[in-house]
Amino acid sequence: MAATTTENVLKETVQRYEEDASDDKSFEELGVDARLIRALLKKGIDKPTPIQRVAIPLILEGKDVVARAKTGSGKTFAYLLPMLQKLFANVDRKKQAPNAFVLVPTRELCQQVYAEVVSLIELCRVQLKVAQLNSNMQASDLRAALTGPPDILISTPACLAKCLFDGVLQPASINATLETLILDEADLLLSYGYENDIKSFTPHLPRSCQCLLMSATSSTDVDKLKKLILHNPFILTLPEVGNNKDDVIPKNVQQFWISCPANDKLLYTLAVLKLELVQKKVLIFTNDIDMSFRLKLFLEKFGIKSAVLNAELPQNSRLHIIEEFNAGLFDYLIATDVSQSKEKDEAPKEGKGSRKSRKHKLKLDSEFGVVRGIDFKNVFTVINFDMPRSVAGYVHRIGRTGRAYSSGASISLVSTDEMETLEEVKAFVGDDENKGSNTIVEFPFLTKNAVESLRYRAEDIGKSVTKIAVRESRAQDLRNEILNSEKLKAHFESNPRDLDLLKHDKVLSKNAPPSHLRDVPNYLLDKTTQEARKMVKLASDAMGNNNRRKGFKKKPKTGGDPLKAISAAVSKRSHKGGSHNNTGGRHKHKKTD
Ligand SMILES: Nc1ncnc2c1ncn2[C@@H]1O[C@H](COP(=O)(O)OP(=O)(O)OP(=O)(O)O)[C@@H](O)[C@H]1O
């Protein structure tokens, strides 16, 4: 009976907050500290996202919160802002352990959250110390990082467990000091094999510790964690305020698919990119590392430079590739989230905490960490060169675009073998064109003629990218990146902000790409294609892509719908009698080549 009453009270309060979320409340009205508001403004952020509107006041009131909101909805600031605000008010210099733990599933995410916290602290000019740990660190390094101790600790659960096991952190100090525990990407923590690690510190959490659990999707794992850590939390489910709860893909992402024979995927990718039918930056997903190199070598021959990102690369390189891509130093990134394809088939059975199963999971996990939860900045287009094997994988991939208030598009190349997955995706997101956004529809801009006009060149070049060439470049890239990684390690210790040291989109082909393949002559383009590429260029302008590159976040004039942006651009053009100042979305920014 008592439980039901508590539940009712919680439900009512959440309902009240969710109603508030649909208001256009400012950060100030949410009670956010003026220093943090100024810091956000410097980052180009002036109004909260729905999840921030609901979660921030609850967290500031000291409530335990479980927040589930779609990818890219701003969950990180939803917990970081109140966490920092709490620390601003109460810096305890005599403590024996950090006041706040932020636990995330991968090292990439540790780095991402760490960078965000450090940047907020610097912009606010407050004296808070943050430490980031990873399981590669020796006990002496861990001890050094925890000397002080820092106010905030960002780590994976495994590394925190290691600190406890090695006596680097004392359970009693945690019990005496910890005020806030945050589990970010909570839907992934258990599947990454961290259950025992989490169980190793939960007994030491003080009762007064505020616990927050953030996730993009709901799962039994999130429920399990909830039971393990939280008592009577406020459950916030905000896929879209007040809408269908399964609606986890941002509305501002236009989803397309193209039916395409498996053997023609290189050709179709070339057509979409070379004919400029999509806006940059572009993140391309493959299920296979060899295929990512094949695609890279192939595109190189046509003057399209790209970088590859996969779990095989050393950690420092991976972080640096993401930083460079985010900084706009190259436009095409080919990522392989291999384990996503293995997830269904190979993941060990749940609940087996054995060393063997942990090891196996961690291997998969490091691969998974390449993509899940990573905040790739200003990606406009996601291309599924290979279809992901699960709908959840699809949701997370597509979630790399359309972050916060920006818009984006996705194109999935679907072979006959992959039709089943497409059907599952369609069943999940819908495919009714009349329903407008948030459905997956056939890509309207790529004509058969346009594809065929490139076939001869593509097949010719495709043949030259042999298995041996792929293997050699993969090995070469790995050697380069291992070398880079060492340089990076040394360099970043003294210049953590320097991005310009190394290039990741280097050409790997032994022979320079033939110059005649760089441009597509106009006679090869049919009328529809010429119109489509003009529209994409204009849309790119209309959506302020040039500004985004410089780090501004500009809300699209068309409310975030790229197709609307296209029509807006077209009508603007016809209004001006066809003359316009066409910068064409081709950004003039410094590249590292
Ligand atoms: N209020 C805001 N206005 C504009 N941009 C924002 C706002 N809040 C966050 N962002 C930006 O939106 C992007 C996505 O935010 P974040 O990484 O927190 O999303 P997320 O919900 O954690 O996504 P995922 O589930 O994929 O990890 C980031 O680049 C962040 O800087």
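The structure is a predicted model. Its scores are ipTM 0.98 and pTM 0.70. Averaged over the protein chain, pLDDT is 77. Of the residues in that chain, 71% reach 70 or more. Residues 1–6 have pLDDT below 50. Beyond near neighbours in sequence, that stretch has 1 contact in the model. Residues 339–368 also stay under 50. Here the model has 46 contacts beyond four places in sequence.

Next comes the overall make-up. The protein chain has 593 residues, and 57% of them are buried. Its secondary structure comes to 23 helices and 14 strands. Take the contacts between residues at least 6 apart in sequence: 81% of these join residues at least 24 apart.

Now to the helices. Start with α2, which covers residues 34–42, and α5, which covers residues 107–124. They pack at about 115 degrees. Their axes lie 9 Å apart. Angles of 65 to 115 degrees count as roughly perpendicular, and α2 and α5 are therefore placed in that class. Their crossing is right-handed. From α2, the contact draws on R35, L36, A39, L40 and K42. From α5, it draws on L120, L123 and C124. By class, the residues of this contact divide into 6 nonpolar, no polar and 2 charged.

Helix α5 also packs against α4, which spans residues 75–89. The angle here is about 45 degrees, and the axes are 11 Å apart. That angle makes α4 oblique to α5. The crossing of α4 with α5 is right-handed. On the α4 side, the contact residues are F77, Y79, L80, L81, L84 and F88. On the α5 side, they are V113, E116, V117, L120, I121 and C124. This contact divides into 11 nonpolar residues, no polar ones and 1 charged.

Technical notes. Residues are numbered from 1 along each chain as its sequence is written. This is a predicted model: local features need pLDDT of at least 70, side-chain atom pairs count only at pLDDT 80 or more; totals for chains, interfaces and linings use all residues. Side-chain values use heavy atoms; hydrogens and water are left out. Axes are lines fitted to C-alpha atoms, for helices over the stretch in contact, and angles run from 0 to 180 degrees between N-to-C directions. Helices (H or I, at least four residues) and strands (E, at least two) are DSSP runs, numbered from the N terminus. Angles under 35 degrees count as roughly parallel, over 145 as roughly antiparallel, 65 to 115 as roughly perpendicular and the rest as oblique. A crossing is left-handed if the near helix is turned anticlockwise from the far one by less than a right angle, and right-handed if clockwise. Contact means heavy atoms within 4.5 Å. Ala, Val, Leu, Ile, Met, Phe, Trp, Tyr, Cys and Pro count as nonpolar, Asp, Glu, Lys and Arg as charged, and the others, Gly among them, as polar. pLDDT is the predictor's confidence in each residue, from 0 to 100. Buried means under 20% relative accessible area, exposed over 50%, partly exposed in between (1.4 Å probe, protein chains only).
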